[in-house]
Amino acid sequence: NFVTPDRLADISVVSPQGRARLEPARVWSPGPDSTSLLSLETGAAGTYVAGASILPRELELAGDSFNMYLEEEGITDVLEVRRRTNDTTRARERYSKHVKAVFQVGERRTGEFDVVLDYPAEIVPLENPYALRPGANLRVRCLVDGAPAANLTVLWGGEHSVGHALRQRSVRTGPDGVATVMLDAPGRWYVKFVHMARTAEPGLDYESKWATLTFELR
């Protein structure tokens, strides 16, 4: 669904000229098929990063629906605990989502691709995707509240340049929060994770922080 501008904590664009924080009401609008559209004017050639951080919201799901959602999103550790304890109770969750896109303006490659935007959850590529070719590996560092997230399930996939889906795969981060994903075809790729933890806050069972990184492999 379209994310209304008032739900955005931050929209930033990082270019060779530095980071610019944008006013959501001026650059954020409904796109086709209930998507959200960011409109901006680029400047000098280089590798750019756009980021959007969405304020937390809460939802409640029946036990079976919650477990199904955990399985679909790769939140395997929480799901394993619930299955091991035969937990099918309703669950209330606070969630927030934080997205980044790396994109290229012109042919000049620059070093902005690994910028850290200090979002609650964030994926930082350690190589410039636009300097890679199909068959290459891309290392990404996964951060939660600014710290490397170890042993976290990371999913990646996308859409091939000829239009068909690139199958989704999974990998775990190491102690340094780094995961390596193989980019075996040209197209638009995503890398994502959901960090979920139990909370002792009254009326709340879990808090999750979502991060997504997208880019194109040429």
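Which residues are exposed on the other side of helix 2? The legends below answer this and present further close-up views.

**View 1. The protein chain as a whole, with three helices and 15 strands.** This is a predicted model, in which local features need pLDDT of at least 70 and side-chain atom pairs count only at pLDDT 80 or more, while totals for chains, interfaces and linings use all residues. Residues are numbered from 1 along each chain as its sequence is written, and side-chain values use heavy atoms, with hydrogens and water left out. Helices (H or I, at least four residues) and strands (E, at least two) are DSSP runs, numbered from the N terminus. Along its principal axes the C-alpha trace spans about 55 × 40 × 35 Å. Of the 218 residues, 45% are buried (under 20% relative accessible area with a 1.4 Å probe, protein chains only; exposed means over 50%, and partly exposed lies in between).

**View 2. Helix 2, residues 63-72, and its buried residues.** Gly63, Phe66, Asn67, Tyr69 and Leu70 are buried in this helix. Seen down the helix axis, these buried residues fall within an arc of 160 degrees, so they line one face of helix 2; the arc is that of the directions from the helix axis to the C-beta atoms. The exposed residues on the other side of helix 2 are Asp64, Met68 and Glu72. Packing partners of the buried residues are strand 6 (57-61), helix 3, strand 7, strand 14 and strand 15, where contact means heavy atoms within 4.5 Å. Just after helix 2, Gly74 takes a positive phi of about 75 degrees.

**View 3. The largest pocket, with a volume of about 1,300 Å³.** On a 1 Å grid over the protein atoms alone, a pocket is an open set of points with protein on both sides within 12 Å along at least five of seven lines, a cavity is a set of points where a 1.4 Å probe fits but cannot get out, and lining residues have an atom within 4 Å of a point. Grid points are joined across faces, edges and corners, and a volume is the space filled by probe spheres set on the points. The largest pocket is lined by 37 residues, of which Val99, Lys100, Ala101, Thr212 and Thr214 are the closest to its centre. Strand 7 gives the most to this lining, with eight residues. By class, the lining has 19 nonpolar, eight polar and ten charged residues (Ala, Val, Leu, Ile, Met, Phe, Trp, Tyr, Cys and Pro count as nonpolar, Asp, Glu, Lys and Arg as charged, and the others, Gly among them, as polar).

**View 4. The second largest pocket, holding about 160 Å³ of space.** Among its 13 lining residues, Ile75, Asp77, Leu152, Val194 and Met196 are the closest to the centre. Helix 3 (76-84) and strand 14 each supply at least two residues of the lining.

**View 5. The largest cavity, with about 40 Å³ of space.** Its lining consists of Glu73, Gly74, Thr153, Leu155, Lys192, Phe193 and Val194. Strand 14 provides the largest share, three residues.
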